[in-house]
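This briefing goes through one protein structure topic by topic. Keep the sequence and the 3D view at hand while reading.

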Amino acid sequence: MAVRHQLVHRPPRSVWAVLADPSSYGEWVAGPSKSVPLDDTWPSPGARLRYTIRLGLWAVEGVTTVRHRETGRELELEASFKPLGTARIFLQLRPWGEETLVVCDEHPLRGLGGTLHNPVSEAALQLRHRGMLARLARVVERRPEEVFRA
């Protein structure tokens with residue numbers, strides 16, 4: 001199970017605002033080149049995003065579904081990518097003084113990804129999370145704090 005954390009130099013409400021914005025996923029999630037909400041209730045349980053992953057001329061679509069939400073604190077997703085199966089992604093926001101410690105826990109659930117899960121794929125997930133959480137921090141930190149005070 002790949003668990004990684006990132007300190008974001010903004011309060012949890014600022015991080016949550018980015019997680020709750022389905023149009024921002026393409027900016028910080030590792031892999032998708034584009035994401036489109038399929039429901040207007042994101043991030044309510046059951047809400048979905050369709051995303052596209054491109055590698056050169058090759059492109060494939062997947063769907064991410066919200067499985068659990070504790071507003072401002074936790075977001076649990078199930079990403080479905082047909083060739084590989086599904087994965088559980090759990091994002092937890094912990095207040096850390098005036099900042100936020102974001103903890104990401106991901107592991108394969110079903111399909112080929114779960115069957116072939118091994119130390120090499122675990123290491124790849126760790127690398128993916130390092131980049132993804134760093135991008136999330138940049139997206140949150142580059143937005144003026146006033147944007148999050150609503």
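Is E61 buried, partly exposed or exposed? E61 is partly exposed, with a relative accessible area of 46%; buried means under 20% relative accessible area, exposed over 50%, and partly exposed in between (1.4 Å probe, protein chains only). The model is predicted, so local features need pLDDT of at least 70 and side-chain atom pairs count only at pLDDT 80 or more, while totals for chains, interfaces and linings use all residues. Residues are numbered from 1 along each chain as its sequence is written, and side-chain values use heavy atoms, with hydrogens and water left out.

**Overall build**

- The protein chain has four helices and seven strands; helices (H or I, at least four residues) and strands (E, at least two) are DSSP runs, numbered from the N terminus.
- Read from the N terminus, the order of elements is β-α-α-β-β-β-β-β-β-α-α.
- The protein chain has 150 residues, and 43% of them are buried.
- The accessible surface of the protein chain is about 8,100 Å², computed by the Shrake-Rupley method with a 1.4 Å probe, where for residues only the protein chains shown count as cover.
- Carbon and sulfur atoms account for 56% of that surface.
- Among contacts (heavy atoms within 4.5 Å) between residues at least 6 apart in sequence, 48% join residues at least 24 apart.

**Nonpolar core**

- A nonpolar core is a set of buried Ala, Val, Leu, Ile, Met, Phe, Trp, Tyr and Cys residues joined through side-chain atoms within 4.5 Å.
- The largest one here has 30 residues, and V15, L19, Y25, W28, V102 and L136 have the most contacts inside it.
- At least two residues of this core come from each of α1 (12–19), α2 (25–28), β3 (48–55), β4 (58–70), β5 (74–81), β6 (85–96), β7 (99–110) and α4 (119–142).
- Helix α4 gives the largest share, six residues.
- Leaving aside residues up to four places away in sequence, W28 touches V18, L19, L91, M132, R135, L136 and V139.
- In soluble globular proteins, nonpolar side chains tend to be buried together.

**Salt bridges**

- The whole structure contains nine salt bridges, each a side-chain nitrogen of Lys or Arg within 4 Å of a carboxyl oxygen of Asp or Glu.
- One of them joins the side chains of R50 and E61 (4.0 Å, N to O).
- R50 lies in strand β3 and E61 in strand β4, so this pair ties together parts that are eleven residues apart in sequence.
- Another salt bridge joins R73 and E70 (3.2 Å, N to O); R73 is partly exposed at 45% relative accessibility, and E70 is partly exposed at 30%.
- D105 pairs with R88, their closest N and O atoms being 3.2 Å apart.
- D105 is in strand β7 and R88 in strand β6, 17 residues apart.
- D105 is buried, with a relative accessible area of 13%, and R88 is buried at 18%.

**S24 in its loop**

- S24 sits in the loop between α1 and α2 and is buried, at 0% relative accessibility.
- A polar atom of the S24 side chain lies 2.9 Å from the backbone oxygen of D21.
- S24 also touches V18 and R143, not counting residues up to four places away in sequence.

Conventions: Polar contact = N/O pair within 3.5 Å; in protein donor to acceptor, adjacent residues only side chain to side chain.
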